[in-house]
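Here's a quick briefing to read alongside the structure. Have a look at the chain first, then work through the notes below.

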Amino acid sequence: MNVQQTVRRWLPSRLDTGAAVAGLLMAIAMFPLRFFASQIYIKTIPLVLGTACILYLITSVRDESTVNGLPTLSRNALRLLPILVVVCTSAMVVIAVEHGERSVLFFDVAGVAGTMLLAQIAFSGKQSFNRTQILLQIVLLAAVVRLSALYVTPGLIGIDIWTHITQLAGGIKAAGTLEAISNNKHYTSPLYHLLVVTTSLLADVPLRLALYLSLGLAMPVAILVVFTIANLLVEPRWAALATALFAFGDYVIEWGIHIIPTSMGLILFLGVLYWLVRVMRTDYELREFGLLVLFTTAVILTHQVSSFIMLVLLGAGLVAYLVLKLRIFTRSPLDPDVFRVRNPLNIAGLLAFDAGFITFLWSFTPYNGNSFLVTVLSYLQETLASSAGVLNLAGPSGGSAGAAAASQGPTLIETVATYINTTGFLLLLFGTFVGCLYVVNRRRAQQSVFTLLSASAIMLVFVLGLPMFGIRNFIPQRWFAFLYAPLVLLTVIGLRHLAIELDRRTVAVVVLIFVLVFPSAMVMSSNGAVDNPVFENQEAQLAYSEAEIDAAYTFGEMTGSPDGDNLRPDQVVFTDHPYQTLFKRTGSYPADTARINDSEPVTHDITVYRQEQTESATYFINSNGIGEVRNIPQQRICRSNQAVIYSNSAVKMCVTSPATDA
């Protein structure tokens, strides 16, 4: 009790306004960092944080509430917009099929459709809001955005997916047993591969089609789980807004077309989040808590990174429990869960069970010649000892930042591409900051929203904080889609507060920015368009033509697909990244990224040229050993002293000829 009294004495009377002032001071303090580092988040987050805190402070000093803060569209407009959304989605299908890809026009129409969808949600009155109609539009638009990419792409989209489908799932199907992947880390987390193989056998279809019929169809439908979570916290209209924002998330779109265990882990994570929020807000029964345990176990048996992210979520729930047990918050008797028996809910037992189960599985999961647990800990120790340092920055996407290694400043196109890649995320951060300030008010304290706040804060440390110190071992790119779930929930809580408390014109501008900018920025982001980047000279395309896929498989047939351990270094195929991964991950032939200098041809004996190397963005290793985007003419890859042993409409394979070798 003395501790509680001491904490109460030193905390301000209103935690939300105190936090807003502290956030504003923090934003001012971080602003000068832009002069020491050019990283996009260092430049923008102080502005986003400061703006959110200022707007919240304005709402806290207003004497009167503007209950109906958002303007509403006319009844005729609300009748017309759903029709236009359906027309746009139909046009997107036609465009994708006619162009054979999700073209820039496809993304433009998708952005317009998303804007009209968000406008229906944000600017409809309580009486005119039609929940069923809105949710159908969200699922329809999300499905078209994702399934169009799957339909028009000849092969698989992405890098890792080739390993999961052609080697792991293919090995399980051929052998009829999990022993086929006994030396792979997915041996103890096989649910993804078992689902694909089972679908393939039951439907009598190839593995690629089985993947699309199972997880491919599930990804856009699973978005509705966000609505069920948000509806436990806010009214249906705001819950629908959270669902639409999540559906347009660029990383959420990516895992809907690059369908790997991360995708399945994301679906199960949403299930964990739903049952966690539900048991925190209701007097649950054993069945409901059992389903929570079941979903957490399923995540563990699906994907290692997803499992760790889930532990962060459960840890955030325990943090929320401990904070509320301090009793520094004065709860309103009008809150529905004030007098619940289990208020707050202690989930330490569930966290201990999952952490123990994960440790047990990882201790004998094979990975790089050792157990997964030992290997990842050794990698982390090596990183902390060798490469960690202040402002040792990762790129915005958490991937290779080789292109940023050039000494010259970014071009205008590079700057535009960078801001498009980050604008949607920054808008979510703005809404999240406002939502966090709202929920820390003493009278609004609830374990469910405190869990969202804590989870967002901890996950942001992993995706933005640790990479600033050179620590990227936790693969931050895989975290963003999971992070978007608590972010969109807190965002709609924040926007709802602004709509109630802020001046009508001001809040209309804020929401209108979301409506106009968010959908287009997200679908055009490099992660939302991995199959066909909008800025084709800035981002590598992670989808291949029929000719490029045939070339890789043909080379494997010509050579007998030898193992890399049986080849000399000069017998390895060298080409661009990501094309070299297609050779390796399909098991066709050992390959690596070609090394280039500023002007001379490459010196490798076996090289592969494709038109993308000249026409679009592809990665090569420069003279400093760093990957960077280059456009290379054919003569620098397939040289005059080489013989062409294979050629089709898009690819040439060249080997050094003994007759002409200098």
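The structure holds 10 salt bridges, a salt bridge being a side-chain nitrogen of Lys or Arg within 4 Å of a carboxyl oxygen of Asp or Glu. Keep in mind that this is a predicted model, where local features need pLDDT of at least 70 and side-chain atom pairs count only at pLDDT 80 or more, while totals for chains, interfaces and linings use all residues. Residues are numbered from 1 along each chain as its sequence is written, and side-chain values use heavy atoms, with hydrogens and water left out.

**Who pairs with whom**

- Arginine 478 and aspartate 160 meet through their side chains in a salt bridge (2.4 Å, N to O). This pair links distant parts of the chain, 318 residues apart: arginine 478 sits in the loop between helix H19 (447-465) and helix H20 (480-501), and aspartate 160 is in helix H7 (residues 160-175). Helices (H or I, at least four residues) and strands (E, at least two) are DSSP runs, numbered from the N terminus.
- Arginine 478 is buried, with a relative accessible area of 14%, and aspartate 160 is buried as well, at 18%. Buried means under 20% relative accessible area, exposed means over 50%, and partly exposed is in between (1.4 Å probe, protein chains only).
- Glutamate 235 and arginine 496 form a salt bridge too (2.9 Å, N to O). Here glutamate 235 is in the loop between helix H10 (224-230) and H11, while arginine 496 is in helix H20, 261 residues apart. Glutamate 235 counts as partly exposed, at 36% relative accessibility.
- Arginine 568 and aspartate 570 meet in a salt bridge (3.0 Å, N to O). Arginine 568 is partly exposed at 48%, and so is aspartate 570 at 33%.
- Salt bridges that share partners also join Asp160, Arg478 and Arg585 into one network.

**Helix H11**

- How far apart are the end C-alpha atoms of helix H11 (residues 236-247)? They are 16 Å apart, which agrees with the 16 Å that its 12 residues should span at 1.5 Å a residue; the expected span is 1.5 Å times one less than the number of residues.
- H11 is largely enclosed by the rest of the structure, because 11 of its 12 residues are buried. Among them are Arg237, Trp238, Leu241 and Phe246.
- Alanine 242 lies in this helix and counts as buried at 0% relative accessibility. Its C-alpha atom is separated by 36 Å from that of threonine 581, 339 residues apart along the chain.

**A strand hairpin**

- Strand E6 (residues 618-621) and strand E7 (residues 627-630) pair in the antiparallel sense over four bridges; two strands pair if DSSP finds at least two bridges between them.
- Tyrosine 619 stands opposite valine 629 in E7.
- E6 and E7 form a hairpin with five residues between them, and glycine 625 in the turn has a positive phi of about 80°.
- Both faces of E6 are covered: Thr618 and Phe620 are buried on one side, Tyr619 and Ile621 on the other. In a regular strand the side chains alternate between the two faces of the sheet.
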